[in-house]
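User: Hi! I would like to understand the terms used for this protein. Could you take me through them, one by one?

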Amino acid sequence: MVAAGLLVSGHASAQEKITVWWVKGFYKAEDDALFAAIKKYEDKTKVKVELSQYPIQDMIPKTVAALDSGNPPDVAYADTYDFQVAGKWAFDGKLEDISSVIDPMRARFSPNTVETAFLLNGKDGKRAYYAFPMKQQTMHIQYWKDMLADAGFTPADIPKDWKGYWNFWCDKVQPAVRQKTGQRVFGIGNPMGVDSSDSFFSFLTFMDGYNVKLVNDSGKLLVDDPAVRAGLITAMTDYTQIYARGCTPPSSTSWKDPDNNVAFHNKTTVMTHNATISIAAKWLDDMNNANLNADQRAIAKKNYTELIATAGWPAKPDGSKFVYRAAVKLGVVFKDAKNKAKAKEFVKFMMAEENLMPYVEGSLGRWYPVTKVGQQSNFWKTDPHRLAVHNQFQDGTVNFEFTKNYKFTILNNENVWAKAMNRVLNEKVPVDKAVDEMIARIKAVAG
């Protein structure tokens, strides 16, 4: 009996395995789709997947610690790798070239998606696919239709032009809704915290409104151009004026990523801009949550289906149509991975449409597909919130600066954008001086 037991355990220990680290999903449906795909992979290949999941704020510190100790996982995915680390890891030679996986499926991706994974290796000076794109996000507007009605307006009254749009929420909606409700409500939720990725994504969207380009296609800085400086000053003035005029909560200069959501859910703001539709999707999740009582589910359903609107941005200040910047979310295989062959096999499996689509759709519209087939799913066309997202992406997108110059991941990590806002608002530094300081920092890091 003992010998048989030893034989069995010896056989079991010989089973091939890979270690996978994956960010914890925002919703149960997201994680369930991941677990289902992993089980399918294990059943098909007989390879054991040792999965570890961590909250988003822990993924980068844990991965960096594993890299420093020389013991990284085989495959890792997090929603912030693209913004903050993937480009630098590729440049430093820490990532495995997975072009053999990505090249054969390249035609499946929509424009301006897989390009984010085409990264520069500083060791050999060549670009290759050092990451895999799972999903993407861009900037949306969400507002309360009932609060707008309290102010005496309908969605048709919202101006389409840039100045008129922001003035409407600030000068018309805010005072009217305060008068009607007697509550200290703010027209806009404007993220400005240094610890918030919302603040830099939102500011860079204002910058895009003014057609400001910080780098050219080869990654060279353009910040010495007087027109670029002027555009940055105008965008920063617009962004900080919302706070200076008292149209966003005083706490918004210290908001972290969840805080504009919380202010919106509490109805202390009528409108906010957010880099996913997680605000609306929270109520979709709640309305189907068996752990809530019937009344709570009914309130959630009313909020999702009747009271919250998802919309795009107004026209640019020059009157042209807005083109949104998309952040494409990346996973990686590490150069020092123990089982690179199986890691690549796993990535290829996860990127198969039948596994990728349920995973992306499990996020209830928070993330948009990177593949053409995924984008044509009825999931995106039968729900007004998701249809608004779909329409924004179908109009075409542009990439972040870090796709051309990886050092912008460092600037995003530091959040030079929100630091400049706080210099203007908390330290009363003139906007042009704060922008000049920001330009100096951009040149020091990314020049």
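Analyst: Gladly! This is a predicted model, where local features need pLDDT of at least 70 and side-chain atom pairs count only at pLDDT 80 or more, while totals for chains, interfaces and linings use all residues. Residues are numbered from 1 along each chain as its sequence is written, and side-chain values use heavy atoms, with hydrogens and water left out.

User: What makes β1 and β3 a parallel pair?

Analyst: Strands are DSSP runs of E with at least two residues, and helices are runs of H or I with at least four, numbered from the N terminus. Two strands pair if DSSP finds at least two bridges between them. Strand β1 (residues 17-23) and strand β3 (residues 75-77) have three bridges in the parallel sense, so they pass that cut-off. Within this pair, Val20 stands opposite Val75.

User: Which strands are the edges of that sheet, and why are they called so?

Analyst: The open sheet has five strands in the order β2-β1-β3-β12-β6, with mixed pairing. Its edge strands are β2 (48-54) and β6 (132-137), each of which pairs on one side only.

User: How do you know that α14 packs on the sheet?

Analyst: Contact means heavy atoms within 4.5 Å. Helix α14 (residues 340-350) touches β1, β2, β3, β6 and β12 (327-333). Its direction makes about 50 degrees with that of β1; for such angles, axes are lines fitted to C-alpha atoms, for helices over the stretch in contact, and the values run from 0 to 180 degrees between N-to-C directions.

User: Why does Tyr165 count as buried?

Analyst: Buried means under 20% relative accessible area, exposed over 50%, and partly exposed in between (1.4 Å probe, protein chains only). Tyr165 has 4%, so it is buried. This residue lies in helix α8 (residues 162-181). Among the residues that Tyr165 touches are Ile141, Met271 and Pro314.

User: What makes β9 mostly covered?

Analyst: In strand β9 (residues 269-274), six of its six residues are buried. Strand β7 (residues 140-144) pairs with β9 in the antiparallel sense over four bridges, and Tyr143 stands opposite Met271. Strand β8 (residues 186-189) pairs with β9 in the parallel sense over three bridges.

User: How do you know that Lys344 and Glu96 form a salt bridge?

Analyst: A salt bridge needs a side-chain nitrogen of Lys or Arg within 4 Å of a carboxyl oxygen of Asp or Glu. For Lys344 and Glu96 the closest N and O atoms are 3.0 Å apart, so the pair qualifies. Lys344 lies in helix α14 and Glu96 in the loop between α5 (86-91) and α6 (99-102), so the pair ties together parts that are 248 residues apart in sequence. Both residues, Lys344 and Glu96, are buried.

User: And what about Lys256 and Asp195: are they buried or exposed?

Analyst: Lys256 has 45% relative accessible area, so this residue is partly exposed, whereas Asp195, at 56%, counts as exposed. Their side chains meet in a salt bridge with 3.8 Å from N to O.

Notes. Lists of a residue's contacts leave out its neighbours within four places in sequence.
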